[in-house]
Amino acid sequence: MQKPKKVVLAYSGGLDTSIILKWLQTEYGCEVITFTADLGQGEELEPARQKALLMGIKEENIHIVDVREEFVRDFVFPMFRANALYEGLYLLGTSIARPLISQHLVKIAQDHGADAVAHGATGKGNDQVRFELSAAALDPSIKVIAPWRLWDLTSRTRLLEFAEANQIPIAKDKRGEAPFSVDANLLHTSSEGRVLENPAEEFPNYVLQRVVPAEEAPDTPEMVEITFERGDAVAINGERLSPATILARLNDLGGKHGVGVLDLVENRFVGMKSRGIYETPGGTILLEAHRGIEQITLDAGAGHLKDSIMPRYAELIYNGFWFSPEREALQALIDKTQEHVTGTVRVKLYKGRAVTVARWSDHSLYSEKHVTFEEDAGAYDQKDAEGFIRLNALRLKLIATRNARVAKK
């Protein structure tokens, strides 16, 4: 690859991306622009600015952007309209953040006339795929630099030696081997590696970042009411809130009650299995509530079709195809199903569980007069079921008759 002249780096301010920043400068002699996204990871981001300045980045080339509302409104909520779960369990907290970061990287590159973007994902993980597929979809001319696939800093010792040789500050807790790796945003925290690598061993409670162990959660249940409009949450307990505020509020409630912890061995897109401990308290409540309001507002045909495409939709997000035409096509179908998904759900939080206990809506398809065990005043003629069953049984009878005939030969 021709040496880039100007690179936009996805920069956290941590040790690894600081080493990448300096490596880009020394390896290519290029100008580096940094982009740091506030995704609600719960860390102070101003130190990232100071560290970038310390490493010679011009003030006008440092971009720290609060993307929390954009993240939830334009990425998390559309995904939750689909009730998306990768491999039936994972709420895609890391996966859904990558296309947003890529979108900003490419936009900043275009604004600055940069010819490349760079990320800190390793060659073993999914994030390299997500960043690079997104960049390709958004700007096919942009180069992508993945230092972990290029450099010879292949051990922790060599990374620290590089940092020391280039006067990169090293926090005391980075001198030793970290017990596990953490990625966080407003939707979830993901912990993996090292102490968690043996799936035969239960994870220690100190891994948990934002959810208390269920055993330590309050002994009294708590109710929360979530109001939806066209499939998106708009209010908690009757108070209208912004998308990011809703998710943050639900995170606090779920975390307090031990809701949303997942210990998962998943299949990475690159071919290997990995174990992660995911904490998604607000997302777990949101998923339960969304399915609760769909129960009374979504037609069976539309709902079952939507459920049938969900695994494919979730896999597209996990594998990095957010900006693909097939994901957009599925999104259009999903969004069409949400036109009447409006109403309120009451969810009980207790000892690690979030359970729908009530739901109501002006758009409800539920008809009590049709399902009542009492007199229905002619709303439903039970005799109609006889012909319905007879027609549906016809092909089964024909098959059984054929099988019996063939068996006699």
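## The model and the chain

The structure is a predicted model, in which local features need pLDDT of at least 70 and side-chain atom pairs count only at pLDDT 80 or more, while totals for chains, interfaces and linings use all residues. Residues are numbered from 1 along each chain as its sequence is written, and side-chain values use heavy atoms, with hydrogens and water left out.

The protein chain has 12 helices and 14 strands. Here helices (H or I, at least four residues) and strands (E, at least two) are DSSP runs, numbered from the N terminus. Along the principal axes, the C-alpha atoms fill a box of roughly 85 × 60 × 45 Å. Of the 409 residues, 48% count as buried. Buried means under 20% relative accessible area, exposed means over 50%, and partly exposed is in between (1.4 Å probe, protein chains only). Among contacts with a separation of 6 or more, 73% join residues 24 or more positions apart; a contact means heavy atoms within 4.5 Å.

## Cavities and a pocket

Spaces are found on a 1 Å grid over the protein atoms alone. A cavity is a set of points where a 1.4 Å probe fits but cannot get out, and a pocket is an open set with protein on both sides within 12 Å along at least five of seven lines. Lining residues have an atom within 4 Å of a point. Grid points are joined across faces, edges and corners, and a volume is the space filled by probe spheres set on the points.

The search of the whole structure finds two cavities of 30 Å³ or more.

| Space | Volume | Lining residues by class |
|---|---|---|
| Largest cavity | About 60 Å³ | Seven nonpolar, two polar, one charged |
| Second largest cavity | About 30 Å³ | Five nonpolar, two polar, one charged |
| Second largest pocket | About 270 Å³ | Seven nonpolar, five polar, three charged |

In these classes, Ala, Val, Leu, Ile, Met, Phe, Trp, Tyr, Cys and Pro count as nonpolar, Asp, Glu, Lys and Arg as charged, and the others, Gly among them, as polar.

The lining of the largest cavity includes Ser102, Leu105, His119, Phe131 and Glu132. Helix H4 (97–112), strand S4 (116–118) and helix H5 (127–138) each give two or more residues to this lining.

Around the second largest cavity, the lining includes Phe77, Phe228, Asp232 and His290. Two or more of its lining residues come from each of helix H3 (68–81), strand S9 (232–236) and helix H8 (281–297).

The second largest pocket is lined by 15 residues, and Leu85, Leu89, Leu91, Thr284 and Leu287 are the closest to its centre. Helix H8 supplies the largest share of this lining, four residues. Strands S11 (261–267) and S14 (353–360) each supply at least two.

The unreviewed UniProt entry lists Thr122, Asn126 and Asp127 under "binding site". Such annotations may be inferred rather than shown by experiment.

Thr122 is in the loop between S4 and H5. Is Thr122 buried or exposed, or partly exposed? Its relative accessible area is 35%, so Thr122 counts as partly exposed. Beyond its neighbours within four places in sequence, Thr122 contacts Gln128 and Trp148.

Asp127 lies in helix H5. Asp127 counts as buried because its relative accessibility is 17%. Not counting residues up to four places away in sequence, Asp127 touches Thr94, Arg98 and Ala121.

His104, in helix H4, is also a buried residue, with a relative accessible area of 16%. Leaving aside neighbours within four places in sequence, the contacts of His104 are Phe35, Val65, Val67 and Glu70.

In S9, five of five residues are buried. Two strands pair if DSSP finds at least two bridges between them.

Strand S8 (residues 222–229) runs antiparallel to S9, and four bridges join them. S8 and S9 form a hairpin with two residues between them, and Arg230 in the turn has a positive phi of about 50 degrees.

S9 also pairs with strand S10 (residues 239–240), in the antiparallel sense over two bridges. Here Ala235 has Arg240 in S10 as its bridge partner. This hairpin of S9 and S10 has two residues between the strands, and Asn237 in the turn has a positive phi of about 50 degrees.
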